[in-house]
Amino acid sequence: MLKRTGIKFLAAWLCVMCMVYGGGLPLMEHTSKAYAADATLMVDADTVVAPMKDEIRGTNIGLWTRNEFHPVSTRSEQYVNLIKEAGIKMIRFPAGVEADMAYWDRTNSYEWHTGPNPYTRTITADVLDSFMSLVQEVGAEPLITVNAKVNDKDMAADMVRYANIEKGYNIKYWEIGNEPEFFRDAYAVTPLEYAARIREYSDAMKAVDPTITIMGPANAQPMQMTSWTKPVLSTLADLNKPLDAISIHWYPLWGGQTNPNSSSFPTIDNLLTYEGTDYPNSYINWANQFTDTTPTDNLVSYRDQYAPGALLGITELGQVTGGEEGAGIGDTMAGALWLGDVLGRLAYHQMDFVTQFLLQGNQAYGLMDINKNVRPAYYLYPMLNRYFGDQMVATSSSDNQNLTIWGSKHTGVNNKLYLMVINKNQTQDLSATINLSNFIPESTASSWVLNAPAINSQSGANINGIQVASNGTLPTIPGNTITGVSNSFTRTFPAHSITMVELTGTEETPEAQSRYLGQYAVGMNERKTASDYPGTQAATPQGWGKIWRTGSAQWSVHFPTTGNYDFTIKAYGEGGGPAFQVKLDGQNVPNAAFSPGSSWADYQGSLGTVTAGTHTIQIYNNSPVAQSNIDVAHMDIEGAAPGPFTLKSPANNASVEGTSVTLDWTQVIDGKSYAPFGSDHYTVIVSSHATLTNPIVNTTVTGTTHQVNNLQSNTTYYWKVIANNASGSTPSADVFSFITPAGPAAPSRYLGVEANGMNEIKGAGDWPGSAAQTPDGWGKIWRTGTAGWTVNIPAAGKYDFTIKAYGEGEAPSFQVKLNGQNVSNGAFTPGSSWSNYQGSLGTLSAGTHTIQIHNNSAVAFNNIDVAHIDIVPSP
């Protein structure tokens with residue numbers, strides 16, 4: 001076991017709750033009870049499933065509450081303290097529909113509730129400056145939503161220019177629009193049109209600041225993922241403009257629902273229902289499905305297909321749509337229970353950020369009302385900030401409807417374990433047996449409990465009897481001491497409560513081991529498979545290595561901190577007098593000489609105090625008798641980080657063949673492949689920046705390869721891998737780079753309005769055209785008509801075409817012609833929407849050619865509308 005100098009290495013803490021009644025003092029904690037539990041809660045402290053990122057503690061601030069922070073001179077201490085105490089780390093502004101009504105005004109000419117036609121709201125430069133002053137003071141990350149309803153990419157780009165170039169705010173996150181499916185009348189858009197708009201906005205904004213993160217499409221409900229989110233993302237991928245982050249909204253209950261039998265009808269019962277068969281996203285377990293791999297329509301699947309490496313987040317999370325319709329639900333203790341369960345669930349399922357809706361307002365989902373009176377849900381945030389870790393570990397509950405458990409640790413701290421237990425039962429105290437794996441707690445622990453007088457209480461909530469002060473501060477809250485804690489202990493949790501538990505580990509808590517395999521040690525004389533004698537599948541499942549007399553084999557080992565480290569070597573001795581000596585950096589380790597027998601056995605010792613860094617550990621065969629061999633299965637070093645390793649392919653500075661590449665860091669020695677020693681998972685980072693900033697991939701995998709898709713053409717990418725285990729992390733020895741091939745030649749575009757023989761020439765907005773689909777206008781070819789272009793082909797070769805067309809009538813059709821002859825496979829029957837029709841012109845000689853579109857529709861009054869034809873060399 002690893003013993004670090006001067007530190008009591010292993011301790012743990014648990015915060016199991018005590019019973020608290022609204023506003024009162026906490027009752028005395030009781031020891032664990034022996035009666036049967038209502039549920040079993042499981043925690044595996046060694047299995048990290050996801051990070052609990054700071055940005056999960058996000059919120060929205062509405063433009064209509066700007067008086068709270070603007071001007072800066074009138075900002076109240078109470079308002080700032082409430083945000084700080086909550087530990088809010090991401091703030092979206094302006095909240096909700098206000099973004100799509102807002103005009104950006106760098107001249108400060110309009111009041112916030114007015115604007116030039118058609119805008120009805122205004123974000124002035126002064127208000128933005130005050131907002132940035134607020135987020136800087138409270139230590140939060142700003143997220144700005146720009147107006148995409150009124151299509152003005154230049155206005156959005158100017159906002160980026162003001163904020164990041166002129167003022168130096170370096171705002172990273174920018175969201176394009178808000179709930180575009182609700183744009184109405186002249187502003188209505190289809191998913192494909194909106195994807196084109198996002199592309200235009202992204203290009204304009206990144207031309208100002210290429211380091212920003214563009215997110216969207218901010219659809220209103222998860223049920224619209226297939227009809228809106230997916231086509232937007234897939235279209236952007238087709239345009240080679242994938243989003244940097246994917247955002248969506250979620251409100252399980254509908255404020256406008258009038259059917260009391262619907263699962264989306266606003267009631268506390270419906271809000272707290274875990275699963276059911278009515279309206280799928282009204283249930284708590286829908287949170288799992290945002291990122292679960294089944295069904296296939298989930299954000300992870302969309303990201304991997306259409307935006308590899310993109311962040312995933314919810315930019316509006318509330319209990320009931322509509323705000324005031326949720327009164328008596330979202331603003332109650334029930335709203336806090338739901339939020340605690342769901343935030344934990346979203347983080348557990350690897351969501352990157354969540355901005356709860358709303359920080360302040362009289363709407364029921366606000367964390368505080370317009371007068372800054374906090375609701376029960378507010379207290380969840382300081383609980384998470386103070387009493388929860390940043391790495392979530394594996395947990396499960398036998399009764400998800402009533403009891404939820406989340407567990408966590410802090411990165412690099414193995415002697416602490418943090419639990420959050422949520423009793424969603426509205427009236428009953430419930431007992432639960434908590435079973436801990438891979439963690440031995442001390443017999444006492446500390447707990448904090450959030451509760452209120454009743455499930456529907458809108459006030460009176462407190463943590464261990466403590467409430468926020470009139471100046472917005474929340475004092476240090478002593479934890480309640482509980483006893484009788486063990487690897488399996490039973491506690492009673494009060495009705496409608498959230499309990500945080502801190503556990504401290506004992507000295508007996510097992511230290512994580514890094515395993516170094518004998519088969520792959522440097523200098524090993526013979527490398528053997530699992531079943532090569534004297535090995536067996538049972539004794540040497542990962543193979544073994546043979547060290548001849550006077551030989552030595554070694555590994556490079558990464559020690560994360562200075563301290564005492566122990567080792568265990570599994571070995572077998574061959575011959576008349578086998579013996580071996582363990583060496584550290586070439587020097588004999590004291591008391592580390594062994595004489596192994598003729599059976600596989602463990603040989604243990606201490607390396608003594610080892611300084612942090614990389615060291616060489618050797619096994620030297622010092623047998624006095626000839627033909628005495630040392631067979632080594634492995635060496636385990638407690639507390640060691642993964643061993644040093646190198647990247648394999650693509651080779652550094654390689655030119656890859658396509659825009660998909662498989663990264664490989666499998667290690668190889670003497671033709672044998674193996675994983676980096678001591679690692680149980682890897683962090684893969686890919687970026688177009690040599691400093692690895694703004695990565696397109698930042699993900700965790702368990703294998704030693706990872707495929708990256710949808711890369712940009714003619715781009716240099718940089719990548720590294722970090723090997724991880726419970727004791728620490730080891731980055732790859734180098735950062736590698738590779739370059740993708742040049743993409744296909746930019747198409748030569750020939751516009752419909754410029755074609756010879758076009759029967760009618762139309763403007764961009766003439767029906768069925770639109771500014772999004774036909775920004776350059778379009779042309780109409782009547783039945784039996786032909787329109788064409790003279791095209792200069794610069795070099796002989798094969799050429800492809802793409803025609804953007806729309807069919808009018810019952811059975812429209814057209815034929816593509818080259819120099820008066822039909823092009824093979826160039827006949828099409830366009831539908832009543834603007835679509836692309838693709839084919840090949842075949843091999844063309846260099847020089848001038850005529851390309852035509854002939855309307856060969858069999859039915860009268862069937863027209864072919866043409867936006868353009870693109871001609872490009874075949875790949």
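**Note on aromatic pairs and helix packing**

1. Y806 is buried, at a relative accessible area of 9% (buried means under 20%, exposed over 50%, partly exposed in between; 1.4 Å probe, protein chains only). This is a predicted model: local features need pLDDT of at least 70, side-chain atom pairs count only at pLDDT 80 or more, and totals for chains, interfaces and linings use all residues. Residues are numbered from 1 along each chain as its sequence is written, and side-chain values use heavy atoms, leaving out hydrogens and water.

2. F357 and Y365 pair edge-to-face, 5.2 Å centre to centre with 75° between the planes. (Rings of Phe, Tyr and Trp, the last by its six-membered ring, pair if their centres lie within 6.5 Å; planes under 30 degrees apart count as stacked, over 60 as edge-to-face and the rest as tilted.) F357 is buried at 5% relative accessibility. Y365 is buried at 10%.

3. W767 and Y806 are also an edge-to-face pair, because their centres are 6.1 Å apart and their planes at 75°. W767 is exposed, with a relative accessible area of 64%.

4. Y516, Y520, Y674 and F677 are linked into a cluster by ring pairs. The whole structure has 37 aromatic pairs.

5. Helix α10 (residues 380–387) has 6 of its 8 residues buried, so the rest of the structure largely encloses it. (Helices are DSSP runs of H or I, at least four residues, and strands runs of E, at least two, numbered from the N terminus.) The buried residues are L380, Y381, P382, M383, L384 and Y387.
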